[in-house]
Amino acid sequence: MSGVETALLAATVESGTGARRRRWLRRYGLAALGGVVIAIWAIAAILAPWIAPYPPDVVNVAGRLLPPSDLHWLGTDVLGRDVFTRVLYGARTSLAVGFIVVLLGALFGTLLGAIAAYIRGWAEEALMRATDLVFCFPPIILAMAIAAALGIGTRNTVIAMLVVWWPKFARLARSLVIGQRSAEYVAAAQAIGFGPSHILFRQIIPNAVGPLVVLVTLDLGNAILVFAGLSFLGLGVVPPTAEWGSMVSEGRELVNQWWVATFPGLAILSVVIGFNFVGDGIRDWLDPHARRR
Amino acid sequence: MLRYLASRLCIAVLMVLLATLVIFLIANMVPGDPVLTQLGDIAANNPDMVAAFRHRWGLDLPLWDRYWIFLTGLFHGDLGISIGSQRPVLEDIAQYAPATVELSTIAFLLALIVGLPLGVVAAMKRDTWIDHLARSISLVGVSAPTFWLAFVMLAVFYGALEWAPGPGQISASTFPPPTITGIMLIDAPLAGDWDTFWDAAAHLVLPSIVLAASTLGLITRTTRAAMLEALSQDYIRVARAKGLVRRSIMLGHALPNALLPVVTLGGLAYAQLLTGTVLTESIFSWPGLGRYTFQSAVRLDFPAIMGITLVVAAIYVLVNLLVDLSYAALDPRVSRR
Amino acid sequence: MHDAAEPILRVENLHTWFFTDGGVVRAVDGVSFTLHPGETLGIVGESGSGKSVTAKSIIRLLDEPARIVEGTISFRGRDMVHLSDEALREIRGAEIAMVFQDPMTSLNPVLRIGRQLVETMTAHRRFGAKAARERGVTLLRRMGMATPERAMNGWPHRFSGGMRQRVMLAMGFANEPTLLIADEPTTALDVTIQAQILDLLRELNADLGTAVILISHDLGVIADVCSRVLVMYAGEVVEEGAPEDLLSDPRHPYTWALLHAAPRLDQANDGDRRLTTIEGQPPDARDWPAGCRFRARCPFAVAKCVEHPDLLPIGEDRAARCWVTQDGATLRPPTHARAVGEARTATGVQPLLEVRALAKHFELPRDSFLEPHRILRAVDGVDFDVFPGETVGLVGESGCGKSTLARVVMRLTEPTEGRIVFDGQDITHMSQAAIRPLRRRMQMIFQDPYGSLNPRMMVGEILSGPLRLHGLVPAGGARERVRELLDLVGLPPAAAARFPHEFSGGQRQRISIARALAVEPGFIIGDEPISALDVNIQAQIINLMIGLQERLGLTYLFIAHDLAVVRHISDRIVVLYLGRVVETAPSQELFARPLHPYTNSLISAVPVPDPHLARRRRRIALQGEVPNAVDPPSGCRFRTRCPAAATRCAEETPSLTQAAPGHFVACHFPGSVTVV
């Protein structure tokens, strides 16, 4: 058999459905896994009141700190509350806060960054300095100051996080718009006579959405981490609300009752990894470079 | 070059001042009141005591006067008195800063020494087991919550295995060395006290690993991506066409280009480590700035918050400046005339 | 012609395929040739013909998913296909060197020139570090660098494209290789710099006896350098022979088409401005057609062409893959219908566009706010007119400001100084809202077929947007008008429902033209509309533009760097250099009697696909490169490169003065340097 025939045969095999499925799995398998993990948590969050075996905040001192068993799959905490139930309820807070902070931050930041980049001049300069300024404070410090000043509570923590959250989107949107601004289709639209708002919102932004979506996805995990950290410090949710960060905090001293802190932590880890997988998958899918391989 | 440096420094100082102004406004224009947090419920109901407290801390002055007092104090090297500790803020910061610098510097070095080679090797051996390992490490590093990781580490290595010492900077039975720099790993050998040195070093292991985890993940990920990006460039194909050996293509041609984004990230990461130790310090009972920040924030201790903001902003601005300068050194395209 | 010496390279039945997800791309599909010591072999073909992959296969510089699936490559007795990586590495750069297309990205930006040059030599242990350095200096001097010692310590970004390509050539010749492969080495360069590099390549081949494989899409470049030519089409060699034979009497219809599709500087058009083109697109490399792969586009096809022809000898030292010429038949030259060559330039009427003393200066970003702004004078005092119904060509090399000029005239950027009058209305400082109605009357076609169409919009939306904006169609009537527009540019109605990425470069340029025509303008600016296209597609687009001009009575301002194209379609030509007009004249007059030394050198630098003529032609070698527009030379801006420069040129700026009716030149010594 000649080399050409061998190669063709190999190519036929390679293009078979089985091989195609393997290739797809190699490329997007992790992203699919991440998507499944997030879907499970989302369903758990929505259906928590119906699927949780116990009420989330009924104290039962007699049944406190029970190890995992048939009755309490993940054990019980200091106040005898079922850890599995509270982990399910915790998903509601974490996912909701993550989505609210990132989506609002992305919306606000993108608009600001895109408009500034399109106007250029002083607006762009002012925006860049403002983002520099926010970057000067690590998110946790500013959020702490704001949470402490406004009072502790989920709503105030979300506000605090939003203050530090928008600049990264503003910067990304700015650089994306700058990248697109010099593309010839923009000049063409100008030459046709389209106005600036049509060009920015109808022509440029649709072309900049991809990287923004990647950042939003990767950042959801990040926001959940920061919120859990603030809750851990006592600056997030108000007890007895179930929240993963504060649950870890409640179990931090209980080295022998490891289940109290371990499971909420694993919950955070799985969600964040899930968002990372999905974000990486979207990035690969958008990147023609990686896609070819 | 000098002109460039001068203008950058001017902007840097302005940015720092602006940062303190922003924090000042946030702290003063929101409804929180330090009177309540400091005086307690009973005293807060006594109008005389409240007025005295307000007067004592200048809270009865108009907003701008108070910022002006802060500024003039600042130019005299005075950051005011902390409401919480009743000591000068500068003294507090000087006392807590060394422990934080020690912890975050060790964590940063750890992240760099492990993360950089790991990222390079992962890119060189793309899609092999070592690449998968590097990617898994970096994924867990960036995804695991710091406080939870700290709990797990303490539970396993201190609680269960008893390999590592518990929280704190040194054991209760060890006397701290006389303070020279405030950094245990330097002060102990200076005092000739090697037992303390090893004790302090042992206490650093767990917190620095915990603190380094997410930075390590970021550095590995960025290095790998930057290497792959560099390897896809035309000049790499030219280097192959020249007949260079693989090693010199990787380390001589790709790496110098891949380092550029890593420098930016590294600088930012170090600044974040220096200022983001709150969680780690509070779990490991580490007597550093992070815990001080947390306490000041909870108590609405304005002078302390202002002082910390100043330090944090200064660190950021300085690190940014250093990153830009090292960029100019590494990348001839941005070096100035 | 082939002497008794053994060939150094023998490629036989080479197949290099790309195993992509979308299928097997058979980029190189059965290529054979030999190369003798010191020979210069040209490989010509359009993009996707497999010429570049053939070259890379020789030193196996192929990346996944490319694989050599069959064939042998024997280089001085060694089997290159099965050589170990280490043995291959020892050959690369030492015995076979390669120079690539884009000098801007070929040098590592963070390493000094010297280091990159020296390592080429030390990697093969033929020189120690010190000897290599000394040799590096010698090489750079040989390549025409004025200060080689300084260049050794320089960083790549400080050097222009031409200089970098000299550095790449120095690397190529550093180890005195037996073979140098140059893959489109001058495509990214301006025509005067291209001439310098080709001269250098020819000299080095003659002096050092290095064999050269030169890959190019430009028959003129090949004719200039090579002693033998391979023409590639659809992964195969379709014709092989000496350029003298091949270019005067092509025996494969594809060669014939390549030769006649490009307008030529050495042949005046006789009134008929249409070019000879072949229809359609090259076939899909994943599914080559059975039989002759050129059959679908071939104007000479016969019944036998359903069988796949072999590359067979057709006379001494030449071969062709064609049934038609197999028995010695020749391909008749295309017949031009001699149209009446009426001058379209109207005299005595008001110009449609008047540009006076127009300038566009850009402020460059500063390092610090303590420094003054530096000003880039992209366009610096330009005057010209465009009369209704004519085509004005605007030529110049990169950096001359031609694209900026187009954008300022279109009012896409604000002019700094001067005046723009369109059809009697001063539009220099008109607000964007006030100018919107005028946008219906002047439109623009852009250079980049990939960047000028919004990738997120369907073609239908792209074309109906302008209609709706200007209220040109009643509600619901857009669809019909879009269909008309597509038909006007030769695209099927179904194109409306597809996205730009589903089209080839030439088709996209048609869409771009349709978009410009949507608002029924009378005046169209074409900013290098064909520069990014292959020769045949260029010809198709030129013909389309000419046809539209005749049908719709359009006026064109046509911007290009290709003199032959500009000459072909323009009635009058404006030559720009560094932001200023140096000469303007009716097209025939400018080429018959070029007066400015710059015009003369531009004309002389264009390679012509005729080896006899190429060897006879005088070439005016320009020194150096275009100066920086931030700090242009005093007086005449061309004086730093001008062979006729005198002291007066530095002191006094020459103004544009009339030398003959309609012929203006800005030179103190017009006509002193001449090629014609």
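Chain B splits into domain 1 (1-84 + 299-337) and domain 2 (98-297) according to the domain assignment. This is a predicted model, and the C-alpha centres of those two domains of chain B lie 29 Å apart in it.

**Between the domains of chain B**

- Domain 1 of chain B brings 17 residues to the contact, and domain 2 of chain B brings 14 residues.
- On the domain 1 side, helix α14 (residues 302-330) of chain B gives the largest share, with 13 residues.

**Chain B with chain A**

- Here 38 residues of chain B meet 32 residues of chain A.
- Elements of chain B that each supply at least two residues to the side touching chain A are α1, α6 (129-143), α7 (146-160), α11, α12 (278-283), α13 (289-299) and α14.
- That side of chain B is made of 29 nonpolar and 9 polar residues, with no charged ones.

**Chain B with chain C**

- This contact involves 23 residues from chain B and 29 residues from chain C.
- On the chain B side, two or more residues come from each of α1 (2-29), α10 (234-241) and α11 (246-275) of chain B.
- Which element gives the largest share of the chain B side that touches chain C? It is α10(B), with 6 residues.
- The chain B residues that touch chain C comprise 10 nonpolar, 5 polar and 8 charged.

**A helix pair in chain A**

- Two packed helices are described by the angle between their axes and the distance between the axes.
- For helix α6 (residues 154-181) of chain A and helix α8 (residues 196-232) of chain A, the packing angle is about 155 degrees and the axes are 10 Å apart.
- The crossing in which α6(A) passes α8(A) is right-handed.
- From α6(A), the residues in this contact include T157(A), M161(A), F169(A), L172(A) and R181(A).
- Among their counterparts in α8(A) are I204(A), N207(A), P211(A), L215(A), F227(A) and L230(A).
- Sorted by type, the residues of the contact between α6(A) and α8(A) are 15 nonpolar, 3 polar and 1 charged.

Methods: Residues numbered from 1 in each chain as written. Chains lettered and ligands numbered in written order. Predicted model: local features only at pLDDT ≥ 70, side-chain atom pairs only at ≥ 80, totals over all residues. Contact = placed C-beta atoms within 7 Å. Helix = DSSP H or I, 4+ residues; strand = E, 2+ residues; numbered from the N terminus. Nonpolar A, V, L, I, M, F, W, Y, C, P; charged D, E, K, R; others polar. Domains from an automatic or database assignment. Axes fitted to C-alpha atoms, helices over the stretch in contact; angles between N-to-C directions. Left-handed = near helix turned anticlockwise from the far one by under 90°.
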